[in-house]
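Thanks for asking me to look this one over. Could you keep the model open while you read my points?

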Amino acid sequence: MTIQPVRLFGDPILRARAAEVETFDQQVRQLVTDLTDTMYESGGVGMAAPQIGVGLRVFVYDTGDARGHLINPEFEVDGDETQTGPEGCLSIPGVREDVTRAMAVRARGVDMTGAPVEFRAEGLLARCVQHETDHLDGVLFLQRLEPALRKEAMRTIRESSWFTAGITVVPAAEIGGRKRADASGRGR
């Protein structure tokens, strides 16, 4: 198990578009392992490589119903239905706000060996795919908030001890400590 420190809001890697993975070697397999271990240690249901300081298009997930990883992900919205619910981010501790996302998506990419992966995701898994793919595009969930909620979230961040101390990297265990998400996404 290799648990990595989690990058926090303010770290420039969280706002940069991650690079495509082109070589599927031991380093990519280790990255998937590190992301998975760090996600579990932090109590999340998803984690993207930039959150541990790696600028590659890789994310992992475990929603309770589905577990895996996706490399070089893409998705398309599947249907018109949306979901609005609480969303948080391991890189923005203490902030949870309602975000509207597509209820269902079709995700595709490759696994750690370069083999194609494609699946339909609904509910929490669809939210996770969208959230983690946003991370790989340098987009934080704060940017998906209505203006009033974004303002409130930014005030919470500015008042947080980690932000006022100028901390942009924190041990995973200090984020959440092995909480598991329920069907609503709490614990993410």
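Here are my notes, from the whole chain down to single residues.

1. **What kind of model this is.** This is a predicted model, in which local features need a pLDDT of at least 70, side-chain atom pairs count only at pLDDT 80 or more, and totals for chains, interfaces and linings use all residues. Residues are numbered from 1 along each chain as its sequence is written, and side-chain values use heavy atoms, with hydrogens and water left out.

2. **Confidence.** The pLDDT is the predictor's confidence in each residue, on a scale from 0 to 100. Its mean over the chain is 93, and 93% of the residues reach 70 or more. Please treat one stretch separately: over residues 178–188 the pLDDT is below 50. That stretch still has 35 contacts in the model beyond near neighbours in sequence, a contact being heavy atoms within 4.5 Å.

3. **Fold outline.** The chain has four helices and nine strands. These are DSSP runs numbered from the N terminus, with at least four residues (H or I) for a helix and at least two (E) for a strand. Along the sequence the pattern reads β-α-β-β-β-β-β-β-β-α-α-α-β.

4. **Overall dimensions.** For 188 residues, a compact globule would have a radius of gyration near 16 Å, and the 15 Å of this chain agrees with that. The radius is taken over C-alpha atoms, and the globule rule is 2.2 Å times the number of residues to the power 0.38. The C-alpha trace spans about 45 × 40 × 30 Å along its principal axes.

5. **Contacts and surface.** Of the contacts in the chain with a separation of 6 or more, 70% are between residues 24 or more positions apart. Buried residues make up 49% of the 188, where buried means under 20% relative accessible area, exposed over 50%, and partly exposed in between (1.4 Å probe, protein chains only).

6. **The main core.** Which residues have the most contacts inside the largest nonpolar core? They are Leu35, Met47, Val58, Ile92, Phe141 and Leu142, in a core of 33 residues. A nonpolar core here is a set of buried Ala, Val, Leu, Ile, Met, Phe, Trp, Tyr and Cys residues joined through side-chain atoms within 4.5 Å. Helix H1, strand E3 (58–62) and helix H3 (147–159) each give two or more residues to this core, and the largest share, five residues, comes from H1. Another core lies apart from it, with 16 residues that include Ala48, Ala66, Phe119 and Leu136.

7. **Met47 up close.** Not counting residues up to four places away in sequence, Met47 touches several residues, among them Val6, Leu35, Ile52, Val58, Leu90 and Glu132.

8. The structure holds four aromatic pairs. Rings of Phe, Tyr and Trp (its six-membered ring) pair if their centres lie within 6.5 Å; planes under 30 degrees apart are stacked, over 60 edge-to-face, and the rest tilted. Phe9 and Phe163 make a tilted pair, 6.1 Å centre to centre with 50 degrees between the planes. Phe9 lies in the loop between strand E1 (6–7) and helix H1 (26–42) and Phe163 in helix H4 (residues 161–164), so the pair ties together parts 154 residues apart in sequence. Phe9 is buried at 15% relative accessibility, whereas Phe163 is partly exposed at 31%. Trp162 and Phe163 form an edge-to-face pair, at 6.0 Å and 85 degrees. Trp162 is buried at 11%, and Phe9, Trp162 and Phe163 form one aromatic cluster.

9. **Three more residues to look up.** Cys128 lies in helix H2 (residues 123–136) and is buried at 0% relative accessibility. Asn72, in strand E4 (residues 67–77), has a positive phi of about 50 degrees although it is not a glycine; Asn72 is buried at 16%. Arg7, in strand E1, is partly exposed at 23%.
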